[in-house]
Amino acid sequence: MTSNTSVDWKIPLYKIYTDEEDLTLITKIIKRGNNWAIGPEIEEFENAIKNYVGADYCLTLNSGTSALHAAFLAYGFGPGNEIIVPSFSFISTANSVSFVGAKPVFGDIEETTFGLDPNLLSQIISQKTKAIVPMDYGGISCKINEIQEVAKNNNLIVIEDSAEALGASVNGKKVGSTADSSIFSFCGNKVLTTGEGGAIVTNDKTIFEKIKLIRSHGRMDTVRYFDNTEQSQYLELGYNWRMSSITAALGLSQISKLDKMIKMRQENAEYISKALSKFPEIITPSSKGGSKHIYQMYTIRLLTKNIRDKLHDFLTKKSIFSKIYFNPIHLTDFYRNKFGMKENSLPVTELISQQILTIPLYPNMNLEEKKYLTDSISEFFDSK
């Protein structure tokens, strides 16, 4: 594979969509000279998220990983517990289970949405299983309704890793509105980004109150900490996982144009898919079965690993950034060594991971960029 350490990318994998509103809100906070932390923007952003998703409660944190970790702590998961997760995800989905001393049990995925296969879950549920953590891949919901049915029949919690899917929906219901709790990520490549950041939504007030303590040193505040002249109450062990006011202000600005950014992504995805549809070697992403795809990533599937790897290398030489999202978590060195995971244990996950390639897509992708991308892919296949 060609090294890309010094490539001047003609087309990066993603670009952040920003406008004057982002600058205005950030400047306002900087100029006021106080409340850069625990400012009013945090609660405003939380209210905006919960109203957008359709949940009763929302808490922001400093990352999606912290949100997932906090959720596991709030539900009381720990040593002796098993939590079902996909291996086809970013590694934090599994790591967050390990953070609390529980054991991640890897479930295989289905080929429609690349999410956990609900038909296989019963095979890996044990008396130690406490929760199922499905992941919404690249901007489309997993088969959440079917997964929740399995969870309900087995008295399990569902915590949806919706890090990549804020704004996606299933049969008109927003992702994050149906699971027991759902987490989102706002890191740099997400549809709504604040650079870093995360959130959790839930309809469970008890979980909401627990996470409020967990994210802020176990502290119970009735007055904002930096406005409080009295001693604070520290009720339990907690962490410093709060989101800053500046970060929340960016989030407020971004969420006000979220639907606009999603529409731009969908239009760009439509252009790319139409251009690539002539190649039988490529399966393009699309909305399926009542699910609305927001194209947080535009991931194509190739017929073979050989074709995928050659295309990946070819695009790099054309200064087009592409990336493999994701290699299986269970085959990383850490999980091989810790749990003795082996190849061929999750056949669909391993097959998909050898065939997928994420290529550039972002809201303000111009016609020249889209044409260069699709023409380059055409050049690759036409020259074979």
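The model is predicted. Helix H8 packs with helix H12, and helix H3 packs with helix H6. A search of the whole structure finds zero disulfides.

**Helices H8 and H12**

- H8 spans residues 258-276 and H12 spans residues 367-382.
- Their axes lie 10 Å apart, at an angle of about 25°.
- Angles under 35 degrees count as roughly parallel, so H8 and H12 are roughly parallel to each other.
- The crossing of H8 past H12 is right-handed.
- On the H8 side, the contact uses Asn-268, Tyr-271, Ile-272, Ala-275 and Leu-276.
- On the H12 side, Leu-367, Lys-370, Lys-371, Leu-373, Thr-374 and Ile-377 meet them.
- Seven residues of this H8 contact with H12 are nonpolar, two are polar and two are charged.

**Helices H3 and H6**

- H3 covers residues 64-74, and H6 covers residues 205-214.
- The two pack at an angle of about 120°, and their axes are 9 Å apart.
- H3 and H6 are therefore oblique to each other.
- H3 and H6 form a right-handed crossing.
- H3 contributes Ala-70, Ala-71, Leu-73 and Ala-74 to the contact.
- H6 contributes Ile-207, Lys-210, Ile-211 and Ile-214.
- The residues of the H3 contact with H6 comprise seven nonpolar, no polar and one charged.

- Cys-58 sits in strand E1, which runs over residues 57-61.
- Cys-58 is buried, at 4% relative accessibility.
- Leaving out residues up to four places away in sequence, Cys-58 touches Glu-46, Ile-49, Lys-50, Ala-199, Ile-200, Val-201 and Phe-208.
- The C-alpha atom of Cys-58 is separated by 31 Å from that of Asn-268, 210 residues apart along the chain.
- Asn-268 is one of the H8 residues that meet H12.

- The closest cysteine sulfur to that of Cys-58 belongs to Cys-187, 17 Å away.
- A disulfide needs sulfur atoms within 2.5 Å, so the sulfur of Cys-58 is too far from that of Cys-187 for a bond.
- Cys-142 is in no disulfide either.
- For Cys-142, the nearest cysteine sulfur is also that of Cys-187, at 19 Å.
- Cys-142 has a relative accessible area of 3% and is buried.

Notes
Residues are numbered from 1 along each chain as its sequence is written. This is a predicted model: local features need pLDDT of at least 70, side-chain atom pairs count only at pLDDT 80 or more; totals for chains, interfaces and linings use all residues. Side-chain values use heavy atoms; hydrogens and water are left out. Axes are lines fitted to C-alpha atoms, for helices over the stretch in contact, and angles run from 0 to 180 degrees between N-to-C directions. Helices (H or I, at least four residues) and strands (E, at least two) are DSSP runs, numbered from the N terminus. Angles under 35 degrees count as roughly parallel, over 145 as roughly antiparallel, 65 to 115 as roughly perpendicular and the rest as oblique. A crossing is left-handed if the near helix is turned anticlockwise from the far one by less than a right angle, and right-handed if clockwise. Contact means heavy atoms within 4.5 Å. Ala, Val, Leu, Ile, Met, Phe, Trp, Tyr, Cys and Pro count as nonpolar, Asp, Glu, Lys and Arg as charged, and the others, Gly among them, as polar. Buried means under 20% relative accessible area, exposed over 50%, partly exposed in between (1.4 Å probe, protein chains only).
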